[in-house]
Amino acid sequence: MKKIGLVGGISWVSTLDYYKFINEGVNARLGGLNSAECIIYSLNFGDVQSKSWEHSFGLLLNACENLKKSGADGIVLCANTAHLFADQLQETIKLPIIHIGAETAKAINKEGYKKVGLLGTKFTMEMDFYKNKLEEYNLEVLIPEKQETRDYIQYTVKEELGIGYINPETKTNYISIVNDLINQGAECIILGCTEIPMLISQDDFTIPVFDTTKIHSQAIIDYIVS
């Protein structure tokens, strides 16, 4: 079994899901009392927010270096937005990083969809790092058209979901945002923030929904037991 290093705390509420899904998956594969051998470096999300994601490379690098020193065979960044630095971190630390965007794109390709609606932080939706990764797998990416909508998603991810607060009104608004993407032609929806599946899920929609936390966790399980 490979030892995995998790960069968590971004946020801690979604890191709980990673820990649960990974250990459940490893046990389902190996049975008995087997669980994942893993190391978690949980960042203070307040530090990330005070620096802003664009300037958080040093925080993430320090976490990855500590995980490498602790014996991790591979690294997981437990947030979609953290993959802003995935390629740079992998090149620096010389350990494989299991990329959430690549794994999500592979899952969508298996189902044959081409036009995807993406929800995530402002950085994930507006910057190129995530969309480019999806486009490498021949996917066309749609995001909410209005700046105010993207700002609203950013605010609610940070101020509500990031602290584990589930607001029914926010859920209603997210469903409306997704329906707008469907009207734009989205064949499926990517929940491209590890907190968003706390709020909405496949049960809320008739078109396929891809939960990046679960997809990423499955890829991590495959890596651990390979």
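Let's start with helix α8, which covers residues 147-159: its 13 residues reach 18 Å from the first C-alpha to the last, close to the 18 Å expected at 1.5 Å a residue. Keep in mind that this is a predicted model.

**Helix α8 and its surroundings**
- Six residues of α8 to look for are T149, R150, I153, Q154, T156 and V157, which are buried.
- The partners that the buried residues of α8 pack against are β4 (115-119), α6 (122-126) and α9 (168-184).
- A handy reminder when viewing a helix: an α-helix has 3.6 residues a turn, so residues three or four places apart point the same way.

**How α5 meets α7**
- The crossing of α5 past α7 is right-handed.
- On the α5 side, I100, G101, A102, T104 and A105 make the contact, while α7 brings in Y130, K133 and L134.

**A look at T213**
- Is T213 buried or exposed? T213 counts as buried because its relative accessible area is 2%, and the cut-off for buried is under 20%.
- Setting aside neighbours within four places in sequence, T213 is in contact with D17, Y18, F21, T194 and P197.

How values were computed. Residues are numbered from 1 along each chain as its sequence is written. This is a predicted model: local features need pLDDT of at least 70, side-chain atom pairs count only at pLDDT 80 or more; totals for chains, interfaces and linings use all residues. Side-chain values use heavy atoms; hydrogens and water are left out. Helices (H or I, at least four residues) and strands (E, at least two) are DSSP runs, numbered from the N terminus. The expected span of a helix is 1.5 Å times one less than its number of residues. Buried means under 20% relative accessible area, exposed over 50%, partly exposed in between (1.4 Å probe, protein chains only). Contact means heavy atoms within 4.5 Å. A crossing is left-handed if the near helix is turned anticlockwise from the far one by less than a right angle, and right-handed if clockwise.
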